[in-house]
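Here's a walk through one protein model, from its helix salt bridges to its core and turns. Have a look at the structure, then read on.

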Amino acid sequence: MGRRKIEMKMVKDSSSRQVTFSKRRTGLFKKANELATLCGAEIGLIVFSPGGKPFSFGHPNVESIADRFLNQEGSKSKAGSSNSKNDETVERLSQQLDDLNKKLEAEKKRGHMLDKAILKAKGLPLKSKAPNVRELSQADLQKMKESLEQLREKVKARACEMEASSSLLLLANEPDVETDGTVAKNE
């Protein structure tokens, strides 16, 4: 007595579908194992259940089979055009990187020259160099900020003092003016 012929269409009942999936998956993996054992073939199978759960079988293992498949050369035209496109992209990006590195070095040199010019203009020795802000820690930056704020307040106070003294000097140098608009003579 033989088995009846099964019509190839999706099983409508979800529990029957799950049972069918499990049995056929097991059978598929068994056949793959037999093929690998009998013929010495390398086989990799990946199956997703209707619920989305992955199942895999590989001889010797799935990872090595997948890597081999993805890294194979395939047809010469596809590989050649793909490799040449990749080579062109790598070459273009390398050239852009070189150009940006050259610009960066030029800007660094320009910055050093400007620092030297500023120190020379201020009459400071060229050996004393301001700290690089990018190399300072958060605590150092906070201290620098506080000292700059203190310096700003001192400069502001000194500017007010200088303004007041210049106003006093101007008043002292002006001739005395009477309330009626005539100039009084100092005797």
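## Salt bridges along the helices

Lys108 and Glu105 sit 3 residues apart in helix α3 (residues 76-121), which means about one helical turn separates them. Their side chains meet in a salt bridge, at 4.0 Å from N to O. The term salt bridge here takes a side-chain nitrogen of Lys or Arg within 4 Å of a carboxyl oxygen of Asp or Glu. Lys108 is partly exposed at 44% relative accessible area, and Glu105 is partly exposed too, at 42%. For the labels, buried is under 20% relative accessible area, exposed is over 50%, and partly exposed is in between (1.4 Å probe, protein chains only).

Helix α3 holds another such pair: Glu107 and Arg110, 3 residues apart and about one helical turn from each other. They form a salt bridge with the closest N and O atoms 3.5 Å apart. Glu107 is partly exposed at 46%, as is Arg110 at 48%. Over in helix α4, Arg158 and Glu161 are again 3 residues apart, about one turn, and their salt bridge has its closest N and O atoms 3.4 Å apart. Arg158 has a relative accessible area of 48% and Glu161 one of 47%. An α-helix has 3.6 residues a turn, so residues three or four places apart point the same way. A search of the whole structure turns up 5 salt bridges.

## The model and its layout

A quick word on ground rules: this is a predicted model, where local features need pLDDT of at least 70 and side-chain atom pairs count only at pLDDT 80 or more, while totals for chains, interfaces and linings use all residues. Residues are numbered from 1 along each chain as its sequence is written, and side-chain values use heavy atoms, with hydrogens and water left out.

The protein has 4 helices and 2 strands, running α-β-β-α-α-α from the N terminus on. Both kinds of element are DSSP runs numbered from the N terminus (helices: H or I, at least four residues; strands: E, at least two). Of the 187 residues, 8% are buried. The accessible surface comes to about 17,200 Å², with 57% of it belonging to carbon and sulfur atoms; these areas come from the Shrake-Rupley method with a 1.4 Å probe, and for residues only the protein chains shown count as cover. Take the contacts (heavy atoms within 4.5 Å) between residues at least 6 apart in sequence: 20% of them join residues at least 24 apart.

## Helix α1 and the core

Which residues make up the largest nonpolar core? There are 8 in all: Phe21, Phe29, Ala32, Ala36, Ile43, Leu45, Val47 and Phe57. Two elements give two or more residues to this core, α1 (14-39) and β1 (43-48), and α1 gives the most, with 4. A nonpolar core is a set of buried Ala, Val, Leu, Ile, Met, Phe, Trp, Tyr and Cys residues joined through side-chain atoms within 4.5 Å.

α1 itself has 26 residues and reaches 37 Å from its first C-alpha to its last, close to the expected 38 Å (1.5 Å times one less than its number of residues). Its buried residues are Phe21, Arg25, Phe29, Ala32 and Ala36, and they pack against β1 and β2.

## Loops and turns

Is Ser49 buried or exposed? At 10% relative accessibility, Ser49 counts as buried. Beyond its neighbours within four places in sequence, Ser49 is in contact with Phe21 and Phe55.

Pro60 is in the loop between β2 (54-59) and α2 (62-71), and a cis peptide bond joins His59 to Pro60, with omega at about 10 degrees. For background, most peptide bonds are trans.

## A nonpolar patch

Leu148, Leu151 and Val155 make a nonpolar surface patch of about 280 Å². Patches use residues with over 30% relative accessible area and no salt bridge: like charges are joined within 9 Å, nonpolar side chains (Val, Leu, Ile, Met, Phe, Trp, Tyr) within 5 Å. Leu151 is found in helix α4 (residues 138-173) and counts as partly exposed at 48% relative accessibility.
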